[in-house]
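Thanks for coming. I will go through one structure today, element by element, and give the cut-offs as the terms come up.

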Amino acid sequence: MTAAPPHGQREAPSDDPRVQLDQDAGVFEPVPPYPPRTEREAEFYTLGDGEMFINMGPQHPSTHGVLRIVLKLEGEVVVDLDPVLGYLHRGVEKLCENADYHHSIAYLDPLEYISSLFCEWPGVLAFEKLLDVQVPRRAEYIRVLSTELNRILSHSLFMGWMALDLGGLTPILWSFIERDEIAEMLAALTGQRLLYNYLRIGGVNGDINHEFMSRLGDWMSRATNQIENNLGLLNQNEIFVRRMRGLGKLDKETAFRMAVTGPNLRATGVPLDFRRAHPYSVFPELEFDIPTRDEGDCLARYLVRMDEIKQSLRIIDQCIHKMPDGPVMAKLPRLLRPRPGRAYAAVEGPRGQYAAYVVSDGTDQPFRMRIHDPSFVHLQSVGVLMPGHLIADAMAVMASLDPIMGGVDK
Amino acid sequence: MTAVARSWGRLTLAGKILFTVIPILLLLTAGLVLVVVLFGKPIVDFLAANIWLVRFIVAASAVLLMSVPTAFLIIYMEMKVIALMNLRIGPDRVGPFGSLLSVVHGLKVLMKEDFSPTGSDRLVFTLAPVVVYMSAVMSLLVLPFAPGLFGADINIGLLYLFAVGGLTVVGLLMAGWSSFNKYSLLGGLRSAAQVVSYEIPLTLSVVGLLILTGTMSLNQISLNQAGWFTNWYVFQQPLGALIFFIAATAEGNRTPFDLTEADSEIVAGFATEYSGMRFGFFFFAEYVNVFIVSGLFVALFLGGWNAPIAWPEAWAIHLTFDPGSTGMGLLFALLLVPPILILALAAPFYVGRSSLPWWQALIIGFVLFNVLAIVVVGGWAFISLDWVAGLLWFLGKTYLFVFTFVWMRGTLPRVRIDQLMGFAWKWLLPASLLNLFVTALAVIVINPR
């Protein structure tokens, strides 16, 4: 190490990389440093008249994690955008292919950390199909009960985030009360607050216990009131409703073309719900409605989710009353070696269709594991919905689609 | 090691500070006494000849000194009130009920690195927070806090306030431009658009009031509203007051019009690249602005320092007691009354509870005496001194409005930029013009010259 020459009289050799770094530090252009790889990239990274790039994320306050979007702006209007993914990539599919069937459930968990149980479920279902396991009915009811709780948790957080992205400070903390009660409940049931790792091939890990039931009963007695209270903050707020109505309109055809599922699809008027369309578990025995809206805008997406909370409460109520006695795990061999083959399973999560496609080659590890995640699919419709809106609305559109970056980047 | 150094080493930190500060203070006092003795006469003569200079220096320093605690108080209020609305606890560690947290925040930003990003325009970058803060502090000069308690009674006080308040946007634009950051630029431009648009309804909404008062001096406007609360201009100008309140919210960049620093859209707007005390200036200026718009609203529409009820002269309490008239008796009273009263207040506790040690009883007596003294002196000041009562009324009303701003921040989401501009030009501007015409018509009909 030589002493640095005094500032100002430094001779700067132009080929010294440190000097160049010094000069360029802090100046960041969102344009990639390599030549454009596709026509689309070339077109996007050429600025038109009066346009500018703005780099939103991966450390932006409202990109829901580590999404990076390069926005092409004209004034404040979004002209075009380029989402850059992969900041949270962990290679979950590959990890699953190198773990045995039981282990890979734990890898599925942190995909969407807000709705972990829904990430486990399709994988577990697909494994069960491969292994031809009959799941005990009590286990099925427990699965439905715990996942519906998880759905309410996810939707109430969505409400808070939606309001936070529109500048409201209070709803996020009110909805966190809801979320915390359910997290405590699920912690009593599964042992974890966030990444439950609860579903097992052929059942669930442990029967429902007294603490869970007392917490659940306590909460159910006031859940409807609490949720109505929280909704009162936003549903009658003129500013909120005016900003959301007619914003980010998604029509039926585009939604189908973009493979949108879940509440985002139901907000366009299509009553597609995998719990009814392709029934799994004990959903045929349960009564619930499929809330839909015809507008397809942000407000509709928000309201559909809020209606779903009420339906979930109905399902939970029925589960508690209909739950039979019996074991919670099927009898299984210690080492799982399914016959060679392939299986696909999908469930209806809080964001849409969660699915897993598993190929087995007869060993104790999946040969190929493919995870279908709704967040990733919904994020592609951002390209259709955002252009033409202001930056503020772009964030509202993002929030109303409710992507979780853990699931997008896998 | 000498004996002096050893003793110095044994001292605690507090001792070291005391032993350093006290000699310095002694030296300074001696120097001051020397200066006064040698040059006292000419200095006093000069100041007496130029009393405006004294007045200016005192008013400027008072306003500058006042702005910081005001900002601290409002910041604490915002943290605590929003926390309670969010069903959180909020600050509760530093000081009683966490009330010193904002002071600690202020010290923290003072100690942070003075940083400016690559590519920024250093001079403009440094000046921007100063411009913003100074415009806020300069506005405080003309606010009438109490009868006889104001920085300056300018006969165009209201115009001065709007003019100086408009300087804020220059500072925000400077910050947005010089930061070399697109988020800052967007924030600066947003603030320019917003403040310029809302200045028009803001100014027009008080024109009707000016027709009624016939003066722009805030002091005179407050005086006009003396008497019962029905004299307040909010009852003669309800629409004007409403427009003024909305436009003032936008002027102060408060929720739901806080688009310039919308954190979910443009990170922190113009303040994105600022840190340390430069950010602190922006932060303080925002809260001083909240105080100013609340105070202005109170002075214009809610009677300023006047109490809501006019006591009939027959009921008025007149304390003819003047502490100065007691002469040496005052000194003796100050010397003797506290210990006697403390002992007298402590005695029942010591006698009544045998388990209480004497020193705890004394502490209880001391606390009770302090409460009593504050009540007595405050009550005396409130009754006999006009400006104390006026200041209390003014601050009470002003902080009610500060609370309203905080309340709105806890409750409302943010509007969109086009809704914001549409609201200003399509609704507020016609409404303020309507208010102006109706007022003018009413004045002509009721009171023709």
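**A helix pair in chain B**

In chain B, helix α4 (residues 101-111) packs against helix α13 (residues 276-301) at an angle of about 140°, and their axes are 6 Å apart. Because of that angle, α4(B) is oblique to α13(B). Axes here are lines fitted to C-alpha atoms, for helices over the stretch in contact, and angles run from 0 to 180 degrees between N-to-C directions. Under 35 degrees counts as roughly parallel, over 145 as roughly antiparallel, 65 to 115 as roughly perpendicular, and the rest as oblique.

Before going further: this is a predicted model, where local features need pLDDT of at least 70, side-chain atom pairs count only at pLDDT 80 or more, and totals for chains, interfaces and linings use all residues. Residues are numbered from 1 along each chain as its sequence is written, chains are lettered from A and ligands numbered from 1 in the order in which they are written, and side-chain values use heavy atoms, with hydrogens and water left out.

Back to the helix pair. The crossing of α4(B) and α13(B) is left-handed, meaning that the near helix is turned anticlockwise from the far one by less than a right angle; clockwise would be right-handed. On the α4(B) side the contact is made by B:G106, B:V109 and B:L110, and on the α13(B) side by B:G276, B:M277, B:G280 and B:F284. Contact means heavy atoms within 4.5 Å. By class, that is four nonpolar, three polar and no charged residues. Ala, Val, Leu, Ile, Met, Phe, Trp, Tyr, Cys and Pro count as nonpolar, Asp, Glu, Lys and Arg as charged, and the others, Gly among them, as polar.

**The rest of chain B**

Chain B has 17 helices and zero strands. Both are DSSP runs numbered from the N terminus: helices are H or I with at least four residues, strands E with at least two. Of the 449 residues in chain B, 41% are buried. Buried means under 20% relative accessible area, exposed over 50%, and partly exposed in between, with a 1.4 Å probe and protein chains only.

Two residues as examples. B:K397 is in helix α16 (residues 386-411) of chain B, and at 10% relative accessibility B:K397 counts as buried. Beyond four places in sequence, the contacts of B:K397 are B:W232, B:V298, B:L302, B:G303, B:G304 and B:N306. B:G148 is in the loop between α5 (122-140) and α6 (157-178) of chain B, and at 62% B:G148 counts as exposed.

**Chain A: a sheet and a helix**

Chain A has an open sheet of three strands, ordered β6-β7-β8, with antiparallel pairing. β6 (341-348) and β8 (366-372) of chain A are at the edges with a single partner strand each, so one side of each has no neighbour in the sheet. Two strands pair if DSSP finds at least two bridges between them. β6(A) and β7(A) have eight bridges, and A:Y344 has A:Y357 as its bridge partner in β7(A). Strand β7 (residues 353-360) of chain A pairs with β8(A) over six bridges, and A:V359 stands opposite A:R368 in β8(A). Helix α5 (residues 116-131) of chain A lies across β6, β7 and β8 of chain A, at about 145° to β6(A).

Last item: is helix α16 (residues 391-401) of chain A buried or exposed? 11 of its 11 residues are buried, so α16(A) is largely enclosed by the rest of the structure. A:D402 follows α16(A) and has a positive phi, near 60°.
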